[in-house]
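Here are my notes on the model, as numbered points. Please read them beside the structure.

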Amino acid sequence: MFVPQEQSGLNEAAPAAPRRPYRLSRRPEERVRVLGGTMDLVRPEEVFHFVTGKLEAGQSAIVANHNLHSLYLIGKDHRIGDFYKAADLVEVDSVPLIFWARLVGRASRRFHRCTYLDWRDAFWALASEKAWKVFFVGGAPGVGEKAVERIRQDWPNARIETHHGYFDVTPGSAENEAVVAKIRDYAPDIVLVGMGMPRQEIWTLENHKAYGPAASFTVGGAFDYEAGVQKAAPRWMGPLGMEWLFRLMSDPQRLFSRYCIEPWSLIGPAVGDVARALSRRVETSESRAAENARWEQIRARNEAAR
């Protein structure tokens, strides 16, 4: 089996009940702009429906994810902004972000949280069923191989190839060209890129077209969790929006700035969100008042005609 519950808590949450599939053509209200970033309010099974459609059509796709750290990075490097513009689907990887979107009038719910740990069981079950070829690039040397061993304990038929993320990612470098060639030769359906933000986003932006039609996911430390070299927060903490606290306490030196300083840079976009929310409420109230007045006029005319 995968990492035992008492060690990681990854399997504590019961599988979500099936919901309506995601359409390949996005509804306007499913794509929202919050805290300066554009993202999609989708559930994991909707992501896979979208990806399946792309693969069956022989098309490439980029599935990204937004959290408070990525929203901070957009303002620091134009390549991050370019990556999110190129992404076909942007998952929400942050319950606090979902709470904020709800507060400013967006139709976000807890089940819109999409991360690798949320959908890994559904993903590997589907990948095995459809015989998808999966390539993982990232992690330290040996981590990918260890992760594959543990994944295949649950899904023996999973088709997976890996390459570590400790190579020169400079475009045109010999190491980078060798990695891209290895991916291209494998001809994967899915490419999971786990090199941490912003390295994985920039690498995907610069290389995804070179390895042929595939759905590329940025997945951070997913295979570190799979390999057991990094401990995941208990799954019950995710829906409560407390996973960040577990990670901060586990590695305060590395993550203090991310969780305690970076969010303050989003005050400006947050104020803008509030202003737009208030504007929408005013417009809605005015529209309702105008509609009520119109019906009152119709009623008055009908009464006068009697």
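1. Which side chain meets that of Arg113 in a salt bridge? The partner is Asp118, at 2.9 Å, N to O. A salt bridge here is a side-chain nitrogen of Lys or Arg within 4 Å of a carboxyl oxygen of Asp or Glu. Arg113 is buried at 10% relative accessibility; Asp118 is partly exposed at 33%. Buried means under 20% relative accessible area, exposed over 50%, partly exposed in between (1.4 Å probe, protein chains only).

2. On the source: this is a predicted model, where local features need pLDDT of at least 70, side-chain atom pairs count only at pLDDT 80 or more, and totals for chains, interfaces and linings use all residues. Residues are numbered from 1 along each chain as its sequence is written, and side-chain values use heavy atoms, with hydrogens and water left out.

3. The salt-bridge count comes to 8. Among them, Asp40 meets Arg31 at 2.9 Å, N to O. Asp40 is buried, at 0%; Arg31 is partly exposed, at 29%. Arg43, Glu45 and Glu46 form a salt-bridge network.

4. Arg276 and Asp273 also meet in a salt bridge. Both lie in helix α13 (residues 267-305), 3 residues apart, about one turn of the helix. Helices (H or I, at least four residues) and strands (E, at least two) are DSSP runs, numbered from the N terminus.

5. The sheet is open, with 6 strands in the order β4-β3-β8-β7-β5-β6 and parallel pairing. Pairing requires at least two DSSP bridges between two strands. β4 (89-92) and β6 (159-163) stand at the edges, each with a single partner strand, so one side of each lacks a neighbour in the sheet.

6. β7 (residues 190-194) and β8 (residues 215-218) pair over 4 bridges. Val193 stands opposite Thr218 in β8.
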